[in-house]
Amino acid sequence: MTTEGRSLAQVWHWLVDVTAMQARVWKLGVALGVLAGVAFLLSETELFRETVWRLTLLGSCLGVALGVRANRPARQHPWWLLFTALAILAVANLLDYPLWATEATTAWSDPLAILAFPLIGIGALALSRSQAPGGDRESAIDGAIVMVAMAAVLAGTAYHPEHLVGEVDLAARVLHTAVAPLMMAAVTAATFRLLFVGSLRVAAAWFVVAAAVMALVGNAVRAVLVSGGVYERGVWTDIFILFAYVSIALASLHPSAPALTAPADLRYRRFTSARLLVLGLALLAAPATMLARGVSGDLFLMVAATAAVSMLVLWRLSRMALERERSRRELHSRADRQAALAALGRHALDAASVEDLVHETLEACRHHLAADRCELVAGVQPARDWPDDATVIMPVADDGRALVVERGRRFSDEERAFLASAAHLVTLAIERQVVQQAMEQAAIYDSLTGLPNRRRILERLDEVLERSRREGRSACVMFIDLDGFKRVNDDHGHKVGDAVLVAVSRRLQDIFRGADTVGRLAGDEFVVIVDNVSDRAARSFAHRVIASLHHPFQVEGCPVRVGVSLGLTTPRSGITDPEQVLAQADAAMYVAKAQAGSSMAVYDRTLGETSARRREIERELERAIALGEFSLVYQPLWRLGDGACVGAEALLRWDHPERGRLDPSAFLSVAEQSDLIVVIGGWVLEQATEQLARWQEQLPDAHPWTLYVNLAGRQLLAPGFVEQVDRLLQVHGLCPARLGVEVSERAVVDDRVVATATSLAFLGIRLAWDDFGTGFSSIAHLRGWPLDILKLDGSLVQSAVTNPEDAGIVRAMCSVAHELGIEVLAEHVDSAEQLATMQRLGCDLGQGYHLGRPVEAGKLWLPNRRQDVVVRGIGDRGGRRDRGVDGLVAPSRSEQEQGVTTGLRAP
């Protein structure tokens, strides 16, 4: 290859690389164009201006070529016509360049320009015709009207031969009086067609219009200056022509250039009022030009009368044309809508899917009604119309789904009939689908989640057990129950609860393999059957389930959390009854539910032994009730601000004849699973109120001191419980404020528990929410409770010392509780560090071994004298004595005389 060949190849590859970045090249062209314009205006030397002018022309030629090469529009010949015109102008200007221009070269400048100007006009017309190709005779006539009118105006004003001054050669005269006005007229006509026929929704069209406007302004002003004999290269008006060249190149370079030569939407070819106004101005162009040049006498009257008659005729014809246009559009729209309905009807008869039919219906409504909003909405009231006429609602299903259509203007009766027919087709399709799906799924699938129901689960489990027996493979069954799900329904509604169930089913399906079975038994209970899995893999699956369901569910923009109790069983050989396997998994699930938080339990020999042990404990509890083996101890409650003793909590103990004294953790969970908790709780309440009656006689009336008794959820559900408590108050003559009840957070998931606790509060009994922070309640739940005390769980108290996030949670809880008028009590304050932390975070009350251990009733110290009420603050070390790890004991006489009434340790 020769050196010249290699150079050309390198240039070509460079052009290809540049066109690959066309999305950024047009922005570079804008910057270069602005830079060229600024340099042209600010330059003080003619040679520099001439150089900028010619470089801009050459750059515009290159830009058009690069744009066509990069964007590849379907119709390229308009761009190549404009490129040829710009190239000829560039050659003409190069021949006239001051550094080498001679009389011979300059003589060729104007003839070349005469050749270039028609090409610009033809290229502009071809560019606009590309958007209305063939058949658009009205637009062609309108463009011709505008072109002739503009040519008449230009030829009769600035481009009139009489306006030329001095000696002008033939080429310049032809260029000034014929070619230039015809070119500008063609550009004007092309601009008209782009504005009223083409689509200006693409940026390239705006570049073309900008080029046309700047070319018209620049050439018109130049013509006036030339006519006056004062034109010189470099006047500021030439900047318009310079920018016109740049805009043509930018239109070609912009990525939207292919859309500029694509056929425009038919909606942009209508006969509009704006289009009529332009035609009216074109009609008046010739008379106005004559009047501007000066006529008098009869000629003036004739010109004015001609203009007036022309406008009246145009007005009369325009009304007919506009009415015809409206009728034509309405007929076409009606025919299109009928055709669309026919197509939708055929698709409905062909048993097309409801989703496809709804999609086609919405698209038809948007297209044929020009609707701003058209969608299928759920949960809409069954009204036919909203208050305004620009909105139409057509119900399509019994579940509240409706076709909602909105736009900026009212709907006609015919359009409403179209919407009614479309909605009816959707209704028929939905009803057909509902019937089919109901028949297919009702038997074996859950209607909400689409998962296998109990019948299908048992069938599938029977298949798995049979295969395991025959092939010696192992399988596992998981019984999954959602903890706190009732609270979700109560707080957010059943719609959100259903959404959570659906989301849970989706997450479970994402975890397991396609061959595994994920089903829903009922409510918030799910079952998973995993075939051909090892014990280790089964446990891994179970942990993945707990981890997945631990993450909150985003429902309607708010996070919803639920806990998980999972029972896992691996049926061994010899078990063939699916119901028995489900029962094993269910039993394991209940063991998991008895544990704190989301957890898992595996059914094995130990679990069987545990079940037997639980039954044994139940029998022992029945004996303990009969023999009176229970007793109560009391742990004091302290106000952290001033160290005052404000009450105590009654705690149950079981004096087992063989195992010694047991705290509730050893037996209460078993009692709560049976009716024994009601009997035990009743005994605790009677003993506590009887002891409180004795203490009430010793307590100062003005001192706030309350004895709190724990109540189980099953106890609060017992019939007549509120009346029982009221009777105890009356029998013992107790002030209601002296008695308080504590309700566990786990118990308040039942609305009946909440109602009973609220009734107790109305009696005047103080109400405390125990173990707050261990379940699934949120601070927002406090608003509906007449609470007096919020008791923070001991685990949160302990972690707040070292974990800043938990400390922030405690501080936030205290702040919200105080805003609601609720005091906050910290449980299990077992160290000075925990005590100081709780004081700093805003807790009002405290309870724990550091403050006082549970003691017998006779050893509990009471503030029984006036001077006992005035106490020192916790942080005041002066005069305080440490009572030791055994907590509160009855103070000695000397201590009472000294006024020492607190058993709090120094922090």
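**A close look at S6**

Guide: Let us begin with a pair of residues: Val-518 has Val-528, in strand S6, as its bridge partner. Before we go on, please note that this is a predicted model, in which local features need pLDDT of at least 70 and side-chain atom pairs count only at pLDDT 80 or more, while totals for chains, interfaces and linings use all residues. Residues are numbered from 1 along each chain as its sequence is written, and side-chain values use heavy atoms, leaving out hydrogens and water.

The names with H and S are DSSP runs numbered from the N terminus: helices are H or I runs of at least four residues, and strands are E runs of at least two. Two strands pair if DSSP finds at least two bridges between them. In general, strands of a sheet pair through backbone hydrogen bonds, either parallel or antiparallel.

Now to the strand itself. S6 covers residues 525-531, and six of its seven residues are buried, so S6 is largely enclosed by the rest of the structure. Buried here means under 20% relative accessible area, exposed means over 50%, and partly exposed lies in between, with a 1.4 Å probe and protein chains only.

S6 has two partners to look at. Strand S5 (residues 517-522) runs antiparallel to S6 and is joined to S6 by five bridges. S5 and S6 make a hairpin with two residues between them, and Gly-523 in that turn has a positive phi of about 55°. Strand S4 (residues 475-483) is also antiparallel to S6, with seven bridges joining the two. There you can find Ile-480 facing Phe-526 of S6.

Follow the chain on from S6 and you reach Asn-532, which sits in the loop between S6 and helix H20 (535-550). Asn-532 is partly exposed, at 45% relative accessible area. Another residue of this kind is Arg-72, with a positive phi near 50° although it is not a glycine. Arg-72 comes after helix H3, in the loop between H3 and helix H4 (77-95). At 52% relative accessible area, Arg-72 is exposed.

Arg-54 lies in H3 and is buried, at 4% relative accessibility. Apart from neighbours within four places in sequence, Arg-54 is in contact with Asn-93, Leu-94, Asp-96, Tyr-97 and Pro-98; contact means heavy atoms within 4.5 Å.

For another sheet, turn to S1, S2 and S3. These three strands form an open sheet in the order S1-S3-S2, with antiparallel pairing. S1 (373-377) and S2 (391-395) stand at the edges with a single partner strand each, so one side of each has no neighbour in the sheet. Ignoring direction, neighbouring strands of this sheet are turned by 15° against each other on average. Helix H15 (residues 354-369) packs on the sheet, where it touches S1 and S3, and its direction makes about 155° with that of S1. Such angles run from 0 to 180 degrees between N-to-C directions, using axes fitted to C-alpha atoms, for helices over the stretch in contact. S1 pairs with S3 (residues 402-406) over five bridges, and Leu-376 stands opposite Leu-403 in S3.

Finally, step back to the whole. The protein chain holds 32 helices and 19 strands, and 47% of its 907 residues are buried. Of the contacts between residues at least 6 apart in sequence, 70% join residues at least 24 apart. Counting a disulfide as a pair of cysteine sulfur atoms within 2.5 Å, the total comes to zero. Two cysteines to look up are Cys-476, buried at 0% relative accessible area, and Cys-645, also buried, at 3%.
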